[in-house]
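Dear colleague,

Please find below the structure that I am handing over to you. I would be grateful if you read the notes that follow with the model open.

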Amino acid sequence: ERQKEYERARTIYKFALDRIPKDKARDIFTKFIRFEKQHGDREAIEHIIVGKRRFQYEELLSEDPNNYDIWFDYIRLEENYGNSDKIREIYERAIAHVPPPVNKLFWRRYIYIWINYALFEEITMKDYSRVRQIYKTVIFKIIPHKKFTFKKLWTMFAFFEIRRKNLDGARKIFGNAIGLCPSDKLFTTYIELEMQLGNIDRCRTLYEKWVQWAPANCKAWTKFAELEAKLQEWERARGILELAIKQPSLDMPELIWKFYIDFEMENGEYDRARGLYQRLLKRTQHVKVWISFAKFESSLGNVKAAREIFKEGFQVLKPPAFEDIAQRVMLIEAWRQFEDDFGDELSQKHVISNLPKRVKKRRKIQTMDGQDAGCEEYYDYIFPDTKGLISGMKLLDAAKKWKQEKEKEGDTKV
């Protein structure tokens, strides 16, 4: 350098940095940076800055090779400044550090390195055989599917094969995914693919497998019935919905029943819809069912039938047989609105006479450990037909309290 042999000096610096371990080359690297700032051109300075960042990443990764955020930054650096061989080398080094199988948070970051690797090979390098090998390796050799899986990888692999016009390969991938780790997302994605291709029989087969795998999944049942309805296969759709409501447990039964009732109404099968409401009320006495049933009848012009439904619901939701007083309040409010729209003066007065009185009350509250924490105010609703019942219940409660106190006094005397 003193002899102004800058190229020779640069070559010596590079030779040293390539051969001396990085943990011992910090001083040489610092001097090389200073040398390039003094004697190098813009390209050389950029090169040395990139080299400095590489050096920093290598140091950080030597301390924690499972720091995937650093790997992402390192890969991004190489994609901006490096060549394809160097980029592949960093990707291969990064994916070699497999996280422990118990920590899925690390796995999410780790899997995205594989995804980026596959996209780099497909979009930038256009090495499709290598892309296929990357997906196969991570899916079938790396991910512990018995503990968790990554649906995104399966779908990306399948759509890669579709882009390569390998439809059978894509179907095989989806089939393997559903066999190894079935999920709602995989079923819906596969079915959407077959629908776009117009393969109705395959869609039916997939829906059958879906409801067999998850018989409590109301979304699967409704989607299956919706397919048949779109094809105007009314009996098929009705049969599917009948099977659905007969399941011993459903995650959202109200979804199935609503879909089934709406299906019959859209097809003009009002007697069937009425029958469904009646069957549903044998299973649940929820206020929304009563109100919906009454509105259904009123929409058909059956005002008398709708009024009878309100009356029956009002009696069924009467305490103490039905404890949720708020539902009875909702029902009579809906009944009052119905009479305002369709009733006469006499029927309106009947509803008004049954409206509840809103009463402010106080009740004791306790802490989590059972200690008294004072009182709180709340509003209760007292219906005219439950006043006597409430008074009787108060007397009964007082009698029980008196008996308990007497028993305590007796135990104290003994």
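This is a predicted model: local features need pLDDT of at least 70, side-chain atom pairs count only at pLDDT 80 or more; totals for chains, interfaces and linings use all residues.

Residues are numbered from 1 along each chain as its sequence is written, and side-chain values use heavy atoms, with hydrogens and water left out.

The protein has 20 helices and two strands; these are DSSP runs (helices H or I, at least four residues; strands E, at least two), numbered from the N terminus. Of its 414 residues, 37% are buried, meaning under 20% relative accessible area with a 1.4 Å probe, protein chains only.

The whole structure contains 27 aromatic pairs. Rings of Phe, Tyr and Trp (its six-membered ring) pair if their centres lie within 6.5 Å; planes under 30 degrees apart are stacked, over 60 edge-to-face, and the rest tilted. Y91 and F120 make a tilted pair, 5.8 Å centre to centre with 35° between the planes. Y91 belongs to helix α5 and F120 to helix α6, 29 residues apart, and both are buried.

F314 and F383 are edge-to-face, at 5.7 Å and 70°. F314 lies in helix α17 and F383 in the loop between β2 and α20, so this pair ties together parts 69 residues apart in sequence. F314 has a relative accessible area of 2%, and F383 has 0%.

Finally, one aromatic cluster comprises Y68, W107, Y110, W114, F148 and F150.

Technical notes:
Buried means under 20% relative accessible area, exposed over 50%, partly exposed in between (1.4 Å probe, protein chains only).
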